[in-house]
Amino acid sequence: MYTRRARSTDQIVPFLMLQAMEDLVYILIGKKDKEEAINFLSELYKSEGNQYSYQNTFVAIDEDDNITGSITAYDGNSLHLLRAPVIKLIEDKYNKRIKLDNETDGDELYLDTIAVAPSQQGKGIGGLLLRHIIAYAKEQQFPKVGLLVDTKNPNAQRLYERTGFRLGEQKSFAGGIYHHMFFLL
């Protein structure tokens, strides 16, 4: 098992992203339509310069060269720049105006999505991806890695805590309540 940078041709990644953020995507596109949600994420994933781009994503690869998980993270100081194409796509394609709170306060490598294929869960892939992104953040000289975890998802919170993330303040985002968690480097 190893990690590598994602490629725009890694077609499974938008499915993994949807698994990680399903309800949020439905809010963004204004309907609960899985096929449309995949189309939305695929368009962003294959494009450059947005928060869900392959440029910001790493994948876990198994011994048979299959993608088993993905993690997407970017410079928190670039949130508004990276979010602008997402908002534009929502406005242009879905004729919907949306205002989102800041997911990150900046000054961190912000971990936006992490997902492991359902058939691969429980095999340590989430931990592998987290360790990879922490090493990447150190290499890029970020002071910390930050993320939001739903207060209703204690299993995810425990995974992050086992990896060394600390619990920060609560944040409201897209109608939900989240803990900001951080890993100091």
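Is Asp-65 buried or exposed? Select Asp-65 and show the surface. Asp-65 is exposed, because its relative accessible area is 54% and the cut-off for exposed is over 50%. Keep in mind that this is a predicted model.

**Stop 1: two loops**

Stay on Asp-65. It sits in the loop between strand 2 and strand 3. Check its backbone: phi is positive, about 70°, although Asp-65 is not a glycine.

Now select Asn-95. This residue lies in the loop between helix 3 and strand 4. Asn-95 is not a glycine, yet it has a positive phi of about 50°. Asn-95 counts as exposed, with 72% relative accessibility.

**Stop 2: a buried asparagine**

Go to the loop between helix 2 and strand 2, where you will find Asn-50. Asn-50 is buried, with a relative accessible area of 1%. What is Asn-50 in contact with, leaving aside its neighbours within four places in sequence? Show Leu-44, Asn-56, Leu-82, Pro-85 and Val-86. Then draw a distance from Asn-50 to Val-86. Their C-alpha atoms are separated by 6.7 Å, although the two residues are 36 residues apart along the chain.

**Stop 3: the cavity**

Keep Val-86 on screen. Val-86 also lines the largest cavity, together with Leu-28, Gln-51, Tyr-52, Arg-83, Leu-100 and Glu-103. The volume of this cavity is about 30 Å³. The structure holds 1 cavity of 30 Å³ or more.

**Stop 4: the nonpolar cores**

Leu-28 and Tyr-52 lead on to the next stop. Both are among the residues with the most contacts inside the largest nonpolar core, along with Val-25, Phe-40 and Leu-41. This core has 38 residues. Two or more residues come from each of helix 1, helix 2 (34-46), strand 2 (57-61), strand 3 (67-75), helix 3 (79-94) and strand 4. Helix 1 gives the largest share, 10 residues.

Zoom in on Val-25. Leaving aside its neighbours within four places in sequence, Val-25 is in contact with Leu-18, Ala-37, Phe-40 and Leu-41.

There is also a second, separate core, with 24 residues. Select some of its members: Ala-60, Ile-114, Tyr-136 and Val-149 are included.

**Stop 5: strand 4**

Ile-114 points the way to strand 4. Ile-114 is the bridge partner of Ile-71. Strand 3 and strand 4 run antiparallel and are joined by 7 bridges. Look next at strand 5. Select Leu-111 and Leu-147: Leu-111 stands opposite Leu-147 in strand 5.

How many of the 8 residues of strand 4 are buried? The count is 8 of the 8, so strand 4 is largely enclosed by the rest of the structure.

**Stop 6: the largest pocket**

End at the largest pocket, with about 980 Å³ of space. Its lining has 34 residues; select Ala-20, Met-21, Asp-150, Asn-153 and Tyr-178, the closest to its centre. Helix 1 (13-29), strand 4 (109-116), strand 5 (144-150), helix 5 (154-163) and strand 7 (176-184) each supply at least two lining residues. Colour the lining by class once more. It shows 19 nonpolar, 8 polar and 7 charged residues.

Terms used: Residues are numbered from 1 along each chain as its sequence is written. This is a predicted model: local features need pLDDT of at least 70, side-chain atom pairs count only at pLDDT 80 or more; totals for chains, interfaces and linings use all residues. Side-chain values use heavy atoms; hydrogens and water are left out. On a 1 Å grid over the protein atoms alone, a cavity is a set of points where a 1.4 Å probe fits but cannot get out, and a pocket is an open set with protein on both sides within 12 Å along at least five of seven lines; lining residues have an atom within 4 Å of a point. Grid points are joined across faces, edges and corners, and a volume is the space filled by probe spheres set on the points. Helices (H or I, at least four residues) and strands (E, at least two) are DSSP runs, numbered from the N terminus. Ala, Val, Leu, Ile, Met, Phe, Trp, Tyr, Cys and Pro count as nonpolar, Asp, Glu, Lys and Arg as charged, and the others, Gly among them, as polar. A nonpolar core is a set of buried Ala, Val, Leu, Ile, Met, Phe, Trp, Tyr and Cys residues joined through side-chain atoms within 4.5 Å. Buried means under 20% relative accessible area, exposed over 50%, partly exposed in between (1.4 Å probe, protein chains only). Contact means heavy atoms within 4.5 Å. Two strands pair if DSSP finds at least two bridges between them.
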